[in-house]
Amino acid sequence: MLNNPISKILLMGMLAAAVLSGCSTEPESQPDAGAQVTEPLKGGSGKLFFAARAGSKSQFDVYFLNLETGKSYQLSDNGEADISPDFTSAGNLLVFSTNRGGSYDIFRMVLPDGGVDQLTTASSDETEPRISQDGKYVAYQSDGSGDYDIWVMNLSDGSTDTLTTEDTQETQPGWSPDGSRLVYVSNRDGDFELFSMAADGTDVRQLTENEVYDAAPVWSPDGGRLAFISKRDLHFQLFLLDLQSGEERQLTDSATTIHSPAWSPDGKFIAYVSESGKNCQLNAYELATGKSYLVTSGFSKYSGLSWED
């Protein structure tokens, strides 16, 4: 169990790994000057949602970057930490975690009008929310039992279910494209590995087995692969897992720490954060060429990232 508050903060920091389509107008907020979208992403479709610290601010706010225009927009500004945003075009719903009430809870924002409501109210920390593509469910991690477990909320009535009850850390849930399964991270075998389970918590499968730290799994749009990060040397790097063959492939070999991977809607790119001290930027890895391209470097820190049309 992780009862030490500092250990929990460190774990949340390591695990901190969606996206506006169908909106008729942009949110009424000032574009940020930090966007530096480069080819071949510049002028492309899709929007990236992320949490970041801008300038001298100490708190994280939620932003989105319009790749077509190269402009980024601020969606939240409340003086507290808003982190780990995730978006679905079904209802134009954005979910994120925030400590506005002291502990971290899950909030929902409806775009483009920006109306916000609170989904969880527990005294424990609820973080890493991921919304299903149909907009009906939110999966998240909660430390209410002393260890992190995976929970799912039904957005139609607010009811919740605990999907994991092990006396270990179960974190960072992510939905399969069809909503039938969840991928997540667990240290039940002593190392942090990737697992998947049916959406009701049954049929648990271990996906990786390494004496290292695997984290931040995200399902590809076609459902056949997972992007994730793994610390197999000094820094976390970006990896790809083929779910049918079990083959793992390292994609980056960087002197910086990689985190928060997110697939492009067409499956051609994987966006990620590259971080070294105060030097942070968003990049996108092109699977066809093996090249990484700069997306933006206009913020000092990032927490969470996702991408949709």
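Below is a chat about a predicted protein model and what its strands and rings do.

User: What ground rules apply to the model and the numbering?
Analyst: It's a predicted model, so local features need pLDDT of at least 70 and side-chain atom pairs count only at pLDDT 80 or more, while totals for chains, interfaces and linings use all residues. Residues are numbered from 1 along each chain as its sequence is written, and side-chain values use heavy atoms, with hydrogens and water left out.

User: OK, how much of the protein is buried?
Analyst: 55% of the 309 residues. Buried means under 20% relative accessible area, exposed means over 50%, and partly exposed is in between (1.4 Å probe, protein chains only).

User: And what about its accessible surface?
Analyst: That comes to about 12800 Å², with 46% belonging to carbon and sulfur atoms. The areas come from the Shrake-Rupley method with a 1.4 Å probe.

User: Switching to rings: how many aromatic pairs turn up?
Analyst: The search of the whole structure gives 15. Rings of Phe, Tyr and Trp (its six-membered ring) pair if their centres lie within 6.5 Å; planes under 30 degrees apart are stacked, over 60 edge-to-face, and the rest tilted. One of the pairs is F50 with Y63, which is stacked at 5.9 Å centre to centre, with 15° between the planes.

User: Where do F50 and Y63 lie?
Analyst: F50 is in strand β2 (residues 47-53) and Y63 in strand β3 (residues 61-66), so the pair ties together parts 13 residues apart in sequence. F50 is buried at 0% relative accessibility, and Y63 is buried too, at 2%.

User: What about Y137 and W175?
Analyst: They form a tilted pair, 6.3 Å centre to centre and 40° between the planes. Y137 lies in strand β10 (residues 137-142) and W175 in strand β13 (residues 170-175), so this pair ties together parts that are 38 residues apart in sequence.

User: Is Y137 buried or partly exposed?
Analyst: Y137 is partly exposed, with a relative accessible area of 31%, whereas W175 counts as buried at 11%.

User: Which residues do ring pairs link into a cluster?
Analyst: F49, F64, Y73 and F87.

User: Which rings have a charge sitting over them?
Analyst: Among them are F107, with the charged end of R100 5.2 Å from its centre, and F239, with that of R232 at 4.3 Å. The rule is NZ of Lys or CZ of Arg within 6 Å of the ring centre and within 35 degrees of the ring normal.

User: Back to β2: which strands does it pair with?
Analyst: β2 runs antiparallel to β3, joined by six bridges. β2 also pairs with strand β25 (residues 301-308) in the antiparallel sense over seven bridges. Two strands pair if DSSP finds at least two bridges between them.

User: Which residues are partners there?
Analyst: A52 has D61 in β3 as its bridge partner, and F50 has L305 in β25.

User: Why is β2 called largely enclosed?
Analyst: Because six of its seven residues are buried.

User: Last one: what's the order of the open sheet of four strands?
Analyst: The order is β21-β22-β23-β24, with antiparallel pairing. β21 (257-263) and β24 (291-296) are the edge strands, each pairing on one side only.

Key: Helix = DSSP H or I, 4+ residues; strand = E, 2+ residues; numbered from the N terminus.
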